[in-house]
12 protein chains.
Amino acid sequence: MTPANQYLAILHGPNLDRLGERDPKWYGSDTLAIINAEIESLARELGFGTQTFQTNVEGEMIDRLHAIESQCAGVIINAGAWTHTSIAIRDAVSQLPCPVVEVHLSNVYAREPFRHKSVLEDIVVGKILGFGKDSYLLAVRALASRHERSRQE
Amino acid sequence: MTPANQYLAILHGPNLDRLGERDPKWYGSDTLAIINAEIESLARELGFGTQTFQTNVEGEMIDRLHAIESQCAGVIINAGAWTHTSIAIRDAVSQLPCPVVEVHLSNVYAREPFRHKSVLEDIVVGKILGFGKDSYLLAVRALASRHERSRQE
Amino acid sequence: MTPANQYLAILHGPNLDRLGERDPKWYGSDTLAIINAEIESLARELGFGTQTFQTNVEGEMIDRLHAIESQCAGVIINAGAWTHTSIAIRDAVSQLPCPVVEVHLSNVYAREPFRHKSVLEDIVVGKILGFGKDSYLLAVRALASRHERSRQE
Amino acid sequence: MTPANQYLAILHGPNLDRLGERDPKWYGSDTLAIINAEIESLARELGFGTQTFQTNVEGEMIDRLHAIESQCAGVIINAGAWTHTSIAIRDAVSQLPCPVVEVHLSNVYAREPFRHKSVLEDIVVGKILGFGKDSYLLAVRALASRHERSRQE
Amino acid sequence: MTPANQYLAILHGPNLDRLGERDPKWYGSDTLAIINAEIESLARELGFGTQTFQTNVEGEMIDRLHAIESQCAGVIINAGAWTHTSIAIRDAVSQLPCPVVEVHLSNVYAREPFRHKSVLEDIVVGKILGFGKDSYLLAVRALASRHERSRQE
Amino acid sequence: MTPANQYLAILHGPNLDRLGERDPKWYGSDTLAIINAEIESLARELGFGTQTFQTNVEGEMIDRLHAIESQCAGVIINAGAWTHTSIAIRDAVSQLPCPVVEVHLSNVYAREPFRHKSVLEDIVVGKILGFGKDSYLLAVRALASRHERSRQE
Amino acid sequence: MTPANQYLAILHGPNLDRLGERDPKWYGSDTLAIINAEIESLARELGFGTQTFQTNVEGEMIDRLHAIESQCAGVIINAGAWTHTSIAIRDAVSQLPCPVVEVHLSNVYAREPFRHKSVLEDIVVGKILGFGKDSYLLAVRALASRHERSRQE
Amino acid sequence: MTPANQYLAILHGPNLDRLGERDPKWYGSDTLAIINAEIESLARELGFGTQTFQTNVEGEMIDRLHAIESQCAGVIINAGAWTHTSIAIRDAVSQLPCPVVEVHLSNVYAREPFRHKSVLEDIVVGKILGFGKDSYLLAVRALASRHERSRQE
Amino acid sequence: MTPANQYLAILHGPNLDRLGERDPKWYGSDTLAIINAEIESLARELGFGTQTFQTNVEGEMIDRLHAIESQCAGVIINAGAWTHTSIAIRDAVSQLPCPVVEVHLSNVYAREPFRHKSVLEDIVVGKILGFGKDSYLLAVRALASRHERSRQE
Amino acid sequence: MTPANQYLAILHGPNLDRLGERDPKWYGSDTLAIINAEIESLARELGFGTQTFQTNVEGEMIDRLHAIESQCAGVIINAGAWTHTSIAIRDAVSQLPCPVVEVHLSNVYAREPFRHKSVLEDIVVGKILGFGKDSYLLAVRALASRHERSRQE
Amino acid sequence: MTPANQYLAILHGPNLDRLGERDPKWYGSDTLAIINAEIESLARELGFGTQTFQTNVEGEMIDRLHAIESQCAGVIINAGAWTHTSIAIRDAVSQLPCPVVEVHLSNVYAREPFRHKSVLEDIVVGKILGFGKDSYLLAVRALASRHERSRQE
Amino acid sequence: MTPANQYLAILHGPNLDRLGERDPKWYGSDTLAIINAEIESLARELGFGTQTFQTNVEGEMIDRLHAIESQCAGVIINAGAWTHTSIAIRDAVSQLPCPVVEVHLSNVYAREPFRHKSVLEDIVVGKILGFGKDSYLLAVRALASRHERSRQE
């Protein structure tokens, strides 16, 4: 059984506070609050707490990454536009003591070329994209499964 | 309820017949048979049949893609090395009447640069990579969820 | 006649708070306060209110862009150095419910190559550059003219 | 007069077996059988037999190219997606004892950039593209005209 | 039956007035007058009038393109060296009310790399190259066939 | 007061004689005559005469640029497609004894990549684009304002 | 003798607050507080005060750069990840009234290619890298020596 | 002494079945059968058996590579055109339990640029090219020498 | 002795009619008439007539190149800005029946990068640049010397 | 205490024998002899002997690098123009049994682009540049500090 | 029989005098003297004399290449780092009256990208690399075999 | 009159000692001694002494450039292969107190692409190429003419 104090950190980057108000073609119509609630619900079902966070300020995301504690079982990050450019966030991510999954709501490869490059992709465990809010939910499952497996070893 | 004749097609490209015998650093130690069995089990649980296929011959993969029928609820393809080069397979994938998910066992972005490019990525629904055999299982869930949602609309 | 509550938002990016103190070769000797006053004066003459804003923090600019209301008749943005790199600001700009004009004080094309690329230029209505503070004033006229025309249709 | 045993070889690459079932925007609604029949009919009218061939397996195309006999008056090849990548087919084409014409149904230059490159284009006699099935028929005429002229010299 | 006043416009770019006097390796030994006569003869046979034009002055070609009338059934253009560089001619071509075919006497892909790029190729219906004067004649047939088909719809 | 003999030269490049007949998506529905009249009217109001000129022949544009006299208060040039390629026009522009403004009707950055490069942009005073005929009118104001300011110094 | 009110500003960019907790392979095991103390001590010995500053927020670094006063004898900046991307910080640095030295703890050229580019390097006086905390201490000496020399002139 | 069951695998890629019938300028006039015989003869002299294989089907080459057994003392592969493009073959080669030597009949560097790139070259032991059939014979010696040396250690 | 009817053709491209009025930094202060007179004088001294020509219209230059007669002993061309872009002039130059020398007044390699590329340079006999009007005079000598030598063989 | 026989090797590449006679804008007015004397003096003060060497012949620099003995405590190399191109010197440097520091008198990043690349930078310990002769003196201190620290471990 | 005065020239470039003292990972532990002795021994066995040469000075290698006499039966060159950069050595090699083989001890393609380019590779007969000292010995055999064959013709 | 002690320095780079023995296609059949004699003769006629020098060692060329004295009226350098790569020679050339002319025997632009780049071309006065030994003789005249002109000013 996973200890009660094990949690997942869910981090959302710039403009994601506007989900549900933005072009539904790429991002769907659910708000961030709804998505966070679904993530929390699934995580609880799989035995994990959650900590969710959104910011439009790069430095606040970095501070948040620094604050990840060792009982964190995994990080799910949708760094939004910073995915493509922020080496500062990459550096903070690369220091984390737990597995990280990169997610995107939309299929970034079907969009502008500048969205095809991720500065995080080679330092995360894996990447899930294109499934709308399911991208997050699948990442919760991926981390739970990985956690289970590493506990068995 | 999903009709009994709905199925998922799971397609594996070149060298994947050697899983479990290859360098476990990137691909884990399970054989393709074991992975197919786990996929089948999860799909059944979620109400889908499965059709699995592996080939090292590009033309056979194309033929198999041509044979996908309309009652197919989704395709999961790990095109292996062809992911990076085969426009012929891209063309066959682009004609499919159902959603396609691209999966990879390893995090291809943490490997050689030539593995970073996918000729399929802009025509699939989404992409899951880096979770070993879980990449396939998450893709099964992604397609089931999507199928459920489109049936509700 | 333009309704009294129609306004233009004038947004200034990083380092523009130092105008008039910086190298006059590229930026002239007027301070930002003087420029804002001239913009306000011309806008009022053409029947618009104005809201001006400057920040050196990218996240604050994003928040400000999110706060643009529907009665805004147009946005004039000099994103400064972010023009060349910030996809996060591009994403926020691309959601605006009103026309946006990109302006620059200096002729960026007569300067370093990294200033030749704008990540905003393909999503704005138009671009005016090289005329010092007149770049802003011409943008006010451009938006007023456009507004007039769309009201006539 | 052209001897009765002079023939043209018409070679179709991957996915072309699906013509008429694929997106009609690029490829029209005729099946490969219909197109082959029209080619055959025009060729006969101009005094040539025909041998048509389609495969999705690169190695079978190579074998077929090796089998071209000296009484072949010309080869018309639509190598499909291999046009852009297969040096192996290029090598086989470059050994042919007769003129080769490269054809495409669609205007490949109005499509994705990866379709703009042909690895065959510098070793064929000429290239015809963008006229749907007429691309093949014009190629038949081109070879017939060329054959007539070389017989007169 | 095609109405008598339907015509094809045949446009030749720079240096093509020297055909038959230039290096026969790439362009053959026929003069432009001879080629125009053969085009005219085939067009008449297929029910079309012709208007032929050659110039070494880009602006005259643009003026000529502007003068194409609506009863023109199609344009055949060999823009010569301008093919590779003239966006002004591309712009004039893109406004034409009828289908355009790009032709070249030689196989430009077997020549210098700067001849491989065409600024017209993505806005024309199709492209025929490498067959000497037959390139023009095949283009006449291509346009006639296309015209016939569109009249039948 | 501006002396009566001060004038602005308005220069239009290739295909702009067709304005109002071309695709209204990019260029609007006004003819060049209408646009010239509006420019003339605004310039007169601001105290300047105008000389307008259009040509499709690069050499004629160069001759016209050579003919710019010293009492010219400024040049507004929409070099059309030559903007992207003509170093000869750049060389003629670089010799002018008065300020030059580059204008474009459409937002060239929202169009094909080859329209993103200007060979004039680093030698002009400023650039205005994307506002249809207003691009010209704003340029008239920009030059008038600049002229006023330089007279005051 | 250096006046008592002469000081050096030491600026640390993102993630440097975590020094001593991060991968010691690249950055050593000293904390930022320890490093700042050693810098302060050496500076005092050479006759300078110091002002040290660290932030993870780009806008705060820009504000800090704007606040550099004229009695500052020199700036030492380790802009961390911003070194490679932030033109906004470059613009703020380029306005400083005193010499600037760029330092890095690690040899950035022995790491990932994206760390090889500095947007500051052409506007600073010099660059010191690869010596751990000694990079800062050497920069203190470099500025002191430069200051001494310019006072002697 | 080398055990009798030690063998070398000699693998030939696409079009090599046509050796002796192709352009002798690059490949010489010996047929593949003759070359295989010479290889076999030299290998026997040096104490090794041989297994030779040629195919034009990429998937068959992959299957053949998978079938290499542990008593194989070394593989000599002339992958022909696949050398330049087939990551699938690279992946199969990279799993081999024995040293691999890449050979080419011709000096690929004196030919077209696309022949200069090998996707195998960084995972093989060594490379021999330009000596016609001697390339194979030298590779046999290279493997024999290497085998001898590793047995002595 | 050189026959009286042997002549050299001296061709000047766009903007060169303005020599002596343009920036003397690059081009010196002599007018084209003066330069032509010096060329004529030297040529006469060396036994050649001259034909000089200048145009700003590319098509007129092409026509002039077509008019070069067989008794022309050599062509000296300063194609100005067309040097860098006009493939049409290259094509006309490549047909000339006599040696061609490319000249430039200024050292184009010490100027903007777009002046470093010449589309003529690989088809002319030689190139002389950087010596002001002497570039032409040296070219006259180069052609005279070459002519002398070829007459002796 | 550092043993008396510990020394630092100071290596100067091509053209550095001309220091003090060359453009003082980049290199200052001190001769190499003066600089060597200052280096020697500081090194002695810090407890090290010195060996200085300058050559314009790449092979002599390589020989000198081969002659570095194990009691050498560190190498300071200003490879001049070879910094940007000489892989042979890189290879010799990479074999040294002691730490190497790369120095430059000028800030190479504020100069021509070809000076921005160093073939040594990823194999040295660190790099110091832009401080004139102080670059060398700081390098002496850097090596002394590093030596002290490694003796304490 | 090969005449007694036939010899092979074995040329070693920079740093190869240090073989056996350098990193054995890439180059093995044999000294150059040992390798030369083995080459000499094998050459003698095959009927050839040898002349071996090593230098770190490019000009001395060029002089040595100039001194190759016509009775030289072949040259084996390991140009070391010059392989990647020295056009001067390429020019000297291209004049040799006998076949040249390029060799490398290590597999340069498994090392840094700058070692993948050879400026000699397109002008030599063939290339052998990756077999340590066997690379040289195989080259001796290759030249002997080639010599034998050319004597038989 | 030119003072008797005025001289021209003629510098020849690597492999030029072999002129007349090398491929006459590019370099003609005269030896370097003959060419030097013709240069000397023409220079004397024009009132200059000459100093000629050839070396295959880059460092010797640098030393020779350092030795150019102030009474040198000009330098003519054919740096051979170093033209394309040696920044060290560029640095030495850039310090010369007299005008420098770059010459080449052959038209380097009609040869391999790597010969198209010169690292000297932007720092010399002018460039003459393609006229065989006349390239040198024309350079002598160019320097004499320039010298005459600067004496008259």
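Residues are numbered from 1 along each chain as its sequence is written, while chains are lettered from A and ligands numbered from 1 in the order in which they are written. In this predicted model local features need pLDDT of at least 70, side-chain atom pairs count only at pLDDT 80 or more, and totals for chains, interfaces and linings use all residues, with side-chain values taken from heavy atoms and with hydrogens and water left out.

Biologist: How many residues does the contact take from chain A and from chain B?
Modeller: Contact here means heavy atoms within 4.5 Å. By that rule, the contact takes from chain A 21 residues and from chain B 21 residues.

Biologist: What area is buried between chain A and chain B?
Modeller: Buried area is the accessible area (1.4 Å probe) that two parts lose on being put together, summed over both. Tyr109(A), Phe131(A) and Leu138(A) supply 28% of what chain A buries against chain B, more than any other three residues. Carbon and sulfur atoms give 56% of the total, which is about 1900 Å².

Biologist: Which residue of chain A forms a salt bridge with Arg149(B)?
Modeller: A salt bridge is counted when a side-chain nitrogen of Lys or Arg lies within 4 Å of a carboxyl oxygen of Asp or Glu, and the count between chain A and chain B is two. For Arg149(B), the closest N and O atoms are 2.9 Å apart, and the partner is Asp134(A).

Biologist: Which element gives the largest share of the side of chain A that touches chain B?
Modeller: Helices (H or I, at least four residues) and strands (E, at least two) are DSSP runs, numbered from the N terminus. On the side of chain A that touches chain B, β5 (126-129) and α5 (134-152) each supply at least two residues. The largest share, six residues, comes from α5(A).

Biologist: In chain A, which residue has the C-alpha nearest the axis?
Modeller: With copies superposed by least squares on the C-alpha atoms of residues with pLDDT of at least 70 in both, a rotation of 180° with 0.0 Å of shift along its axis places chain A on chain B (RMSD 0.0 Å). The two copies are therefore related as by a two-fold rotation axis. In chain A, the C-alpha nearest that axis, 2.3 Å from it, is that of Ile128(A).

Biologist: What is the bridge partner of Leu129(H) in β5(K)?
Modeller: Chain K and chain H bury about 1900 Å² between them, and the side chains of Arg149(H) and Asp134(K) meet in a salt bridge (2.9 Å, N to O). Three bridges join β5 (residues 126-129) of chain H to β5(K), and the strands run antiparallel. Within β5(K), the bridge partner of Leu129(H) is Lys127(K).

Definitions and conventions: Pairing = 2+ DSSP bridges.
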